Amino acid sequence: LFNNAHSCATGISEVQTSGFRFQVVPNPAKNEVKFIAEGFSPGEFTIEFLNSLGQKVFSREVKNETTLNIFFLEKGMYLYNIVLKDGKTVSGKLQKN
């Protein structure tokens, strides 16, 4: 079971599940977004961004703390998926300004 908690008012989105904590800072974001994970070894998950049509526009295997340049994304709301090696997916939203 995944417990998703999102707090865009503070500029941080946070996703938690047993033994795993994941933050997206800032949210909303302009050109860069930092993904911070605790409880996993490097390379154990992939970040995907989907646009409002559900099309995958970006995918990258990331480490425990990764700053991604998102300047190429159009302004709008994106769904991000954190895909774990065992196939489980944790999702959240990112606002690109």
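Throughout these legends, a residue is buried under 20% relative accessible area, exposed over 50% and partly exposed in between (1.4 Å probe, protein chains only). The model is predicted: local features need pLDDT of at least 70, side-chain atom pairs count only at pLDDT 80 or more, and totals for chains, interfaces and linings use all residues. Residues are numbered from 1 along each chain as its sequence is written, and side-chain values use heavy atoms, with hydrogens and water left out.

**View 1. The open sheet containing S5 and S6.** Four strands form an open sheet in the order S6-S5-S8-S9, with antiparallel pairing. Its edge strands, S6 (56-62) and S9 (89-96), each pair on one side only. On average, neighbouring strands of this sheet are turned by 20° against each other, direction ignored. Strands are DSSP runs (E, at least two residues) numbered from the N terminus, and two of them pair if DSSP finds at least two bridges between them. Axes are lines fitted to C-alpha atoms, with angles from 0 to 180 degrees between N-to-C directions.

**View 2. Pairing of S5 with S6.** Strand S5 (residues 45-50) and S6 are joined in the antiparallel sense over six bridges. Within this pairing, Phe49 stands opposite Phe58 in S6.

**View 3. The salt bridge of Glu48 and Lys56.** The structure holds one salt bridge, defined as a side-chain nitrogen of Lys or Arg within 4 Å of a carboxyl oxygen of Asp or Glu. Its partners are Glu48 and Lys56, whose closest N and O atoms are 3.3 Å apart. Glu48 counts as buried because its relative accessibility is 14%, whereas Lys56, at 52%, counts as exposed.

**View 4. The pair of Phe35 and Phe49.** Five aromatic pairs are found in the whole structure; rings of Phe, Tyr and Trp (its six-membered ring) pair if their centres lie within 6.5 Å, and planes under 30 degrees apart count as stacked, over 60 as edge-to-face and the rest as tilted. Phe35 and Phe49 have ring centres 6.0 Å apart and planes at 65°, so the pair is edge-to-face. Because Phe35 lies in strand S4 (residues 32-38) and Phe49 in strand S5, the pair ties together parts that are 14 residues apart in sequence. Phe35 is buried at 1% relative accessibility, and Phe49 is buried at 0%.

**View 5. The pair of Phe58 and Phe72.** These rings have their centres 5.6 Å apart and their planes at 40°, so the pair is tilted. Phe58 in strand S6 is linked to Phe72 in the loop between strand S7 (65-69) and strand S8 (76-84), 14 residues apart. Phe58 is buried, with a relative accessible area of 18%, while Phe72 is partly exposed at 38%. Phe35, Phe49, Phe58, Phe71, Phe72 and Tyr80 form one aromatic cluster.
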